[in-house]
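Subject: Handover of a structure and the findings from it

Dear colleague,

Please find below the sequence and the structure that I am handing over to you. My findings follow directly after them.

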Amino acid sequence: MFTVFTIVLYAVSAVLAIWSIVETIRNRPAGTLLLGATALLLLLLIVQLVLSIVTFGSTHGVDPLLYFGYVITAILVIGLAGFWAFAELSRWGPGVLAAAGLTVIVMIERLDQIWQ
């Protein structure tokens with residue numbers, strides 16, 4: 001993977017997770033900005049998928065099913081969490097985003113391990 005892009009993914013995921021935890025503690029539903037940050041992370045993960053497809057031919061020893069399974073799962077997790085947070089008007093909308101953000105951080109780390 002690309003080091004700078006991986007750091008950006010970590011940063012956006014961490015900001016989303018921390019922000020969501022704070023909103024959950026404050027007992028507030030997910031606002032427009034928090035949902036926008038979720039959409040940004042989703043967009044970045046889709047860019048990751050496209051970059052991975054474009055550069056996959058130059059890699060050696062990377063299992064495509066495992067790698068792309070992680071990328072697609074991360075996209076689905078954050079997309080479904082964003083939809084859930086949009087629909088859930090209680091404190092648990094941001095709670096779901098917090099869990100998804102932490103999950104995506106772990107998945108990004110695993111993607112980096114697989115790629116190398």
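I begin with helix 2, whose buried residues are Leu 34, Leu 35, Ala 37, Thr 38, Leu 41, Leu 44, Leu 45, Gln 48, Leu 49, Ser 52 and Thr 55. Please keep in mind that this is a predicted model. The cover over these buried residues of helix 2 includes helix 1, helix 3 (64-87) and helix 4 (92-115). Helix 2 itself covers residues 32-55, which is 24 residues.

The overall architecture comes next. The protein contains four helices and zero strands, and its elements follow the order α-α-α-α from the N terminus on. The radius of gyration of the protein is 15 Å, close to the 13 Å given by the globule rule for 116 residues, so the protein is as compact as a globular protein of that length. Along the principal axes, its C-alpha atoms fill a box of roughly 50 × 20 × 20 Å.

Of the 116 residues in the protein, 43% are buried. The accessible surface of the protein amounts to about 6,400 Å², and carbon and sulfur atoms account for 75% of this area. Contacts between residues at least 6 apart in sequence were also examined: 78% of them join residues at least 24 apart.

Ile 21 belongs to helix 1 (residues 3-25).

With a relative accessibility of 39%, Ala 11 counts as partly exposed. Ala 11 and Phe 83 are 72 residues apart along the chain, and their C-alpha atoms are separated by 21 Å.

Leu 80 lies in helix 3. Is Leu 80 buried or exposed? Its relative accessible area is 58%, and exposed means over 50%, so Leu 80 is exposed. The C-alpha atom of Leu 80 is separated by 9.0 Å from that of Ala 100, which is 20 residues away along the chain.

I turn now to charged side chains. How many salt bridges does the count give? The count comes to one salt bridge. In a salt bridge, the side chains of Glu 23 and Arg 26 meet at 3.3 Å, N to O. Glu 23 has a relative accessible area of 11%, and buried means under 20%, so Glu 23 is buried. Arg 26, by contrast, is partly exposed, with a relative accessible area of 44%.

Asn 27 lies in the loop between helix 1 and helix 2. Asn 27 has a positive phi of about 60°, although it is not a glycine.

With kind regards

Key:
Residues are numbered from 1 along each chain as its sequence is written. This is a predicted model: local features need pLDDT of at least 70, side-chain atom pairs count only at pLDDT 80 or more; totals for chains, interfaces and linings use all residues. Side-chain values use heavy atoms; hydrogens and water are left out. Helices (H or I, at least four residues) and strands (E, at least two) are DSSP runs, numbered from the N terminus. The expected span of a helix is 1.5 Å times one less than its number of residues. Buried means under 20% relative accessible area, exposed over 50%, partly exposed in between (1.4 Å probe, protein chains only). Contact means heavy atoms within 4.5 Å. The radius of gyration is taken over C-alpha atoms; the globule rule is 2.2 Å times the number of residues to the power 0.38. Accessible areas come from the Shrake-Rupley method with a 1.4 Å probe; for residues, only the protein chains shown count as cover. A salt bridge is a side-chain nitrogen of Lys or Arg within 4 Å of a carboxyl oxygen of Asp or Glu.
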